[in-house]
Amino acid sequence: MNSSGLNRRGIRLIATDLDGTLLNAAGELSGRNAAALKLAQEAGLVVVLVTGRPVRMVLPLARGLDLHGHVICTNGAATHRLPGGESEDARGIAPDVLRTVVPRLRQAIPDVGFALEYGDRVVRERVLRDDPESVADILDVLTPEHPPALKLIARSAAHDTHELNALINTLAAGQLEATSSGASFSEVAAHGVNKGYALTRLYRSLGLEAAQCLAFGDAHNDLPMFGCVGTSVAMRNASAEVQRAASQVSASNDEDGVALVVEALLEAQ
């Protein structure tokens, strides 16, 4: 770990991404990372999971760690209170925006397939998954009784994720914004909604400032979070762009890079 310049004193909140960061390449939480976060919480620090995953996939992990407070899910579109998972802050995509933008994207990207993430469920088009629960067109489910979708998922065989993100951000400028967690699809949120948006709202509500917050991440969707905290730590497995954006670079997610930093932080408190 490159520890030069890490201001360990004064940190009161630790925010960490999951996939590629806290979890190893097999999607598992190591005993050392788990122990480090539990010790941090016992020492009085706020520990927040900040992920692109929906809440239904996050609560079991948060409860296993016996975390208190909050989790930020779906790339910042939803914040939930622990341990029950009650929604405290949600900012989905307005149905009217989807009705306007989705046809525009289909015209420009003929092979694109979509899904809508609601937190408690996901609705997929048959082009993405051909099963009885899939639909022909996600626009057909935008009925008044449905809440705004927290995330639009887009996939195209003709474009890699970076290219697809760029196309969406151009075609839906000012309405939606696309990012990537390293998966093979674009993750699209309402304009202005990202991990940094939600984390800033949360730490300010707790009476904290950016300088008191530390964030771990590895992917493009973590960059807004890096920009809103005083100290950011990239994993060694992160892309060069993400590593350059971070204050520090730790070991990889397979080498307990989160625990290495948290352990050093606790020793300096």
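**View 1. Arginine charges over tyrosine rings in the predicted model.** R91 lies over the face of Y197, at 5.5 Å from the ring centre. The charged end of R121 sits over the Y118 ring, 4.2 Å from its centre. A charge counts as over a ring if NZ of Lys or CZ of Arg is within 6 Å of the ring centre and within 35 degrees of the ring normal.

**View 2. The largest nonpolar core.** This core holds 46 residues, of which L13, F114, L116, L152 and L199 touch the most other members. Helix α5 (residues 195-205) gives the most to it, with 5 residues. Helices are DSSP runs (H or I, at least four residues), numbered from the N terminus. L116 touches, among others, L98, V123, I138, L142 and L152, not counting residues up to four places away in sequence. Contact means heavy atoms within 4.5 Å. A nonpolar core is a set of buried Ala, Val, Leu, Ile, Met, Phe, Trp, Tyr and Cys residues joined through side-chain atoms within 4.5 Å. Buried means under 20% relative accessible area (1.4 Å probe, protein chains only).

**View 3. A second, separate core.** It has 31 residues, including L23, L49, A62 and V71.

View 4. The structure holds 0 disulfides (cysteine sulfur pairs within 2.5 Å). The C73 sulfur is 16 Å from the closest cysteine sulfur, in C228, too far for a bond. For C213, the nearest cysteine sulfur is that of C228, 7.3 Å away. C73 is buried, at 0% relative accessible area. C213 is buried too, at 0%.

**Notes.** Residues are numbered from 1 along each chain as its sequence is written, and side-chain values use heavy atoms, leaving out hydrogens and water. In this predicted model, local features need pLDDT of at least 70 and side-chain atom pairs count only at pLDDT 80 or more, while totals for chains, interfaces and linings use all residues.

Note on methods. Buried means under 20% relative accessible area, exposed over 50%, partly exposed in between (1.4 Å probe, protein chains only). Helices (H or I, at least four residues) and strands (E, at least two) are DSSP runs, numbered from the N terminus.
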